[in-house]
Amino acid sequence: MNGAADDRERAEELLLARISATASRARLGRRRVTYRAPPTGPWRRRPVTAWLRRLLRADGGPARSPASRLDLYEHGLTAAVGRRIHAVRYDATVVRRCTVLTSRGVTGALVLVDVQGERVVLRRGDFARSQEWWSVICGAVVAAQVPRALAALRQGARLEFGSLWVTADAVGSARTSLRWSEVQRIEVRNGFVAVRADGRRLMWATGASGIPNLCVLRSLAEHLARAGRDDD
């Protein structure tokens with residue numbers, strides 16, 4: 001029994017070493033918090049050597065395993081799911097919200113892009129305290145990307161968010177546009193993104209799942225709409 005426990009402890013140490021090495025290569029800074037996969041019922045006994053071999057392989061793997069964990073760092077995150085470890089930087093990723101079908105029904109998910117350009121899907125329920133890590137990740141992406149986006153807009157850039165575009169003066173789509181002084185807020189309702197002005201929904205975008213970095217767009221909209229009203 002002690003031998004099995006020792007092997008599991010060793011496997012955990014080796015997994016942590018791989019995670020730390022991945023985070024170091026991506027320059028993610030100091031680890032802040034870890035979220036593990038929630039309990040899924042009684043542990044099924046398996047040969048420890050086979051479990052350890054599957055855990056340490058680097059290719060592919062199932063969507064869930066007892067080793068799954070999410071680590072949040074100063075500048076990004078690592079997601080160790082199955083046999084893969086992904087590194088994501090908050091200042092470079094693209095994050096989308098979507099719904100996915102699981103064996104437990106439909107649930108929400110964050111889809112990010114890691115430092116290798118691969119998609120990382122973090123589903124509610126994959127890791128404990130989902131409301132907490134979901135909020136922290138979105139907030140960290142906003143903090144890392146909004147200042148750079150504002151600086152680009154001040155230099156005259158036009159930023160694209162799916163079917164919506166943003167400049168320092170206006171927000172628009174292929175069919176219409178509004179000056180920021182006219183915009184009250186950008187909101188998500190029933191899975192769609194709407195720009196609200198004077199109590200009316202004047203411009204609809206595609207479904208929220210098609211809007212990259214929606215959290216960044218909403219933060220920019222709040223800042224630019226407030227500045228536009230102050231200037232009038």
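Which order do the three strands of the open sheet have, and is their pairing parallel or antiparallel?

Tutor: Before the answer, a word on the source: this is a predicted model, in which local features need pLDDT of at least 70 and side-chain atom pairs count only at pLDDT 80 or more, while totals for chains, interfaces and linings use all residues. Residues are numbered from 1 along each chain as its sequence is written, and side-chain values use heavy atoms, with hydrogens and water left out.

The three strands of this open sheet follow the order S5-S6-S7, and their pairing is antiparallel. Strand S5 (96-102) and strand S7 (119-123) stand at the edges with a single partner strand each, so one side of each has no neighbour in the sheet. From one strand to the next, the twist averages 40°. Strands here are DSSP runs of E with at least two residues, helices are runs of H or I with at least four, and both are numbered from the N terminus; two strands pair if DSSP finds at least two bridges between them. In general, strands of a sheet pair through backbone hydrogen bonds, either parallel or antiparallel.

Between S6 and S7, which run antiparallel, there are five bridges, and alanine 109 has arginine 123 in S7 as its bridge partner.

Strand S6 covers residues 105-113, and valine 113 has its place there. Valine 113 is partly exposed, with a relative accessible area of 25%, where buried means under 20%, exposed over 50% and partly exposed in between (1.4 Å probe, protein chains only). Leaving aside residues up to four places away in sequence, valine 113 touches Val88, Thr93, Val94 and Glu118, a contact being heavy atoms within 4.5 Å. Valine 113 and histidine 86 are 27 residues apart in sequence, and their C-alpha atoms are 9.2 Å apart in space.

Helix H3 (residues 130-154) lies across S5, S6 and S7, and runs at about 30° to S6; such angles run from 0 to 180 degrees between N-to-C directions, with axes as lines fitted to C-alpha atoms, for helices over the stretch in contact. H3 also lies across S1, S2 and S3, running at about 40° to S2. Those strands belong to an open sheet of four, in the order S1-S2-S3-S4 with antiparallel pairing, where the edges are strand S1 (31-36) and strand S4 (84-89), each with a single partner strand.
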